[in-house]
Amino acid sequence: MALASLTLSSEAIRRKVIGTCGVPEHLLSALEHPSDSIKAASLRCFLSLSRSVKQLRSSLKDVELWKLLLKLLAVSSTELLRESSAVVCNIILDFSPGNEMLVEERVLSRLVDLTRHEDTAVRVNAVWGLMVW
């Protein structure tokens, strides 16, 4: 959570965090942790980091975040759906290298499904993801 807060609004801090001791790889491994709380915290960090066009095109591309996002969009946990769908909104942008992979893997049909989810935040993220694509 601290990393997510630190990187929320400063590109300079995002660069420092990304360049520190393999942070993206550690965050990626946290997405495979059994605890949903740890996964959600990692997703919040990725959400902050994915606000940077430069990071989307380099560091975040290298860790292939999109693969785990696809898995997380299929879970039943509303918290994880909320967080992962928010990250997808940043990664599905047309200038992001992850865009092609997400579209090829039919993330758009999953976003359409999520527009009917019971949780308002999940629905809003799904609609936003479809709009920015």
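Predicted model: local features only at pLDDT ≥ 70, side-chain atom pairs only at ≥ 80, totals over all residues.

Biologist: At roughly what angle do the axes of helix 8 and helix 11 cross?
Modeller: Helices are DSSP runs of H or I with at least four residues, and strands are E runs with at least two, numbered from the N terminus. Axes are lines fitted to C-alpha atoms, for helices over the stretch in contact, with angles from 0 to 180 degrees between N-to-C directions. The axes of helix 8 and helix 11 come within 9 Å, and they cross at roughly 20°.

Biologist: How are helix 8 and helix 11 therefore oriented to each other?
Modeller: Angles under 35 degrees count as roughly parallel, over 145 as roughly antiparallel, 65 to 115 as roughly perpendicular, and the rest as oblique. The two axes cross at roughly 20°. Helix 8 and helix 11 are therefore roughly parallel.

Biologist: Which residues of helix 11 meet helix 8?
Modeller: Contact means heavy atoms within 4.5 Å. On the side of helix 8, the residues are T78, L81, R82, S85, A86 and C89. Their partners in helix 11 are A121, V122, N125, W128, G129 and V132.

Biologist: How many residues of that contact are charged?
Modeller: Ala, Val, Leu, Ile, Met, Phe, Trp, Tyr, Cys and Pro count as nonpolar, Asp, Glu, Lys and Arg as charged, and the others, Gly among them, as polar. In the contact of helix 8 with helix 11, seven residues are nonpolar and four are polar. The number of charged residues is one.

Biologist: Is V122 buried or exposed?
Modeller: V122 belongs to helix 11, and its contacts, leaving aside neighbours within four places in sequence, are T78, L81, R82, S85, L114 and H117. Buried means under 20% relative accessible area, exposed over 50%, and partly exposed in between, with a 1.4 Å probe and protein chains only. Because its relative accessible area is 0%, V122 is buried.

Biologist: What separates the C-alpha atoms of V122 and E79?
Modeller: Along the chain, V122 and E79 are 43 residues apart. The distance between their C-alpha atoms is 8.9 Å.

Biologist: What is the relative accessibility of V127?
Modeller: V127 also sits in helix 11, and its C-alpha lies 9.2 Å from that of C89, a residue 38 positions away in sequence. V127 counts as partly exposed because its relative accessibility is 37%.

Biologist: Where is R116, and what is its relative accessible area?
Modeller: R116 is placed in the loop between helix 10 (107-114) and helix 11. Its C-alpha is 9.9 Å from that of V127, 11 residues along the chain. R116 is exposed, as its relative accessible area is 60%.

Biologist: How are helix 7 and helix 8 oriented to each other?
Modeller: The axes of helix 7 (residues 65-72) and helix 8 (residues 78-91) come within 9 Å and cross at roughly 140°. Helix 7 and helix 8 are therefore oblique.

Biologist: Which residues of helix 8 take part in the contact with helix 7?
Modeller: This contact divides into eight nonpolar residues, one polar and no charged. Helix 7 contributes L65, L69 and L72. Helix 8 contributes L80, L81, S84, V87, V88 and I91.

Biologist: Which residues does E83 touch?
Modeller: E83 lies in helix 8 and counts as buried because its relative accessibility is 13%. Not counting residues up to four places away in sequence, E83 touches A40, L43 and R44.

Biologist: How far apart are the axes of helix 3 and helix 4?
Modeller: Helix 3 (residues 23-30) contributes P24, L27, L28 and A30 to the contact, and helix 4 (residues 36-49) contributes I38, K39, S42, C45, F46 and L49. These divide into eight nonpolar, one polar and one charged. The helices pack at an angle of about 140°, and the distance between their axes is 8 Å.

Biologist: How many helices does the protein have, and where is confidence highest?
Modeller: Residues are numbered from 1 along each chain as its sequence is written, and side-chain values use heavy atoms, with hydrogens and water left out. The protein has zero strands and 11 helices. Its mean pLDDT is 82, with 74% of residues at 70 or more.

How values were computed: pLDDT = per-residue confidence, 0-100.
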